[in-house]
Amino acid sequence: MKNKSKNIDINAKAGSTKENHTGSWRTFKPVIDKSKCIGCKRCVLTCPDNAMKMQKTKNGLKSKMNYDYCKGCGACANECPVNAITMKRDEK
Ligand code: SF4
Ligand code: SF4
């Protein structure tokens with residue numbers, strides 16, 4: 001039988017990541033060692049939740065974390081070519 005219900009939408013709206021703060025249930029969090037970061041942007045391009053940005057510093061372009069949106073998946077740490085990101089247990 002065909003479901004005639006309306007307003008059933010189990011998929012998130014495109015571009016709605018900013019509505020989802022994920023930091024409350026994260027188990028591990030990425031910690032950046034800015035002295036190692038070479039500003040390659042791989043972490044930014046990899047993050048599925050847009051939780052990382054690049055910022056200009058006096059030592060060049062460095063990555064910056066927004067923990068409100070980080071779910072602790074570790075993808076950024078896996079991608080970093082210089083191991084500047086370490087996953088640490090998130091103590092709350
Ligand atoms: S751990 Fe996952 S969600 Fe958090 S910043 Fe890295 S890639 Fe993004
Ligand atoms: S992937 Fe690593 S080196 Fe590249 S911008 Fe991110 S933290 Fe820096």
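Analyst: Let's begin at D90, which lies in the segment after β4 (85–89). Strands are DSSP runs of E with at least two residues, helices are runs of H or I with at least four, and both are numbered from the N terminus. This is a predicted model, where local features need pLDDT of at least 70, side-chain atom pairs need 80 or more, and totals for chains, interfaces and linings use all residues. Residues are numbered from 1 along each chain as its sequence is written, chains are lettered from A and ligands numbered from 1 in written order, and side-chain values use heavy atoms, without hydrogens and water.

User: How many helices and strands does the protein chain have, and what pattern do they follow?

Analyst: There are 2 helices and 4 strands, and reading along the sequence gives β-α-β-β-α-β.

User: Is D90 buried or exposed?

Analyst: Buried means under 20% relative accessible area, exposed over 50%, and partly exposed in between, using a 1.4 Å probe and protein chains only. D90 comes in at 12%, so it counts as buried. Across the 92 residues of the protein chain, 28% are buried.

User: Which residues does D90 touch?

Analyst: A contact is a pair with heavy atoms within 4.5 Å. Leaving out residues up to four places away in sequence, D90 touches G23, R26, T27, F28 and K29. Take F28: it is 62 residues from D90 in sequence, yet their C-alpha atoms are 4.9 Å apart. In the protein chain, 67% of contacts with a separation of 6 or more join residues 24 or more positions apart.

User: Why does S63 count as buried?

Analyst: S63 counts as buried because its relative accessibility is 1%. S63 sits in strand β3 (residues 60–65). Beyond neighbours within four places, its contacts are I32, K34, C37, C43, M52, K53 and M54.

User: Which residues are closest to ligand 2?

Analyst: Here a residue is near if one of its heavy atoms lies within 4 Å. For ligand 2 that gives 13 residues, the closest being C37, C40, C43, S63 and C80.
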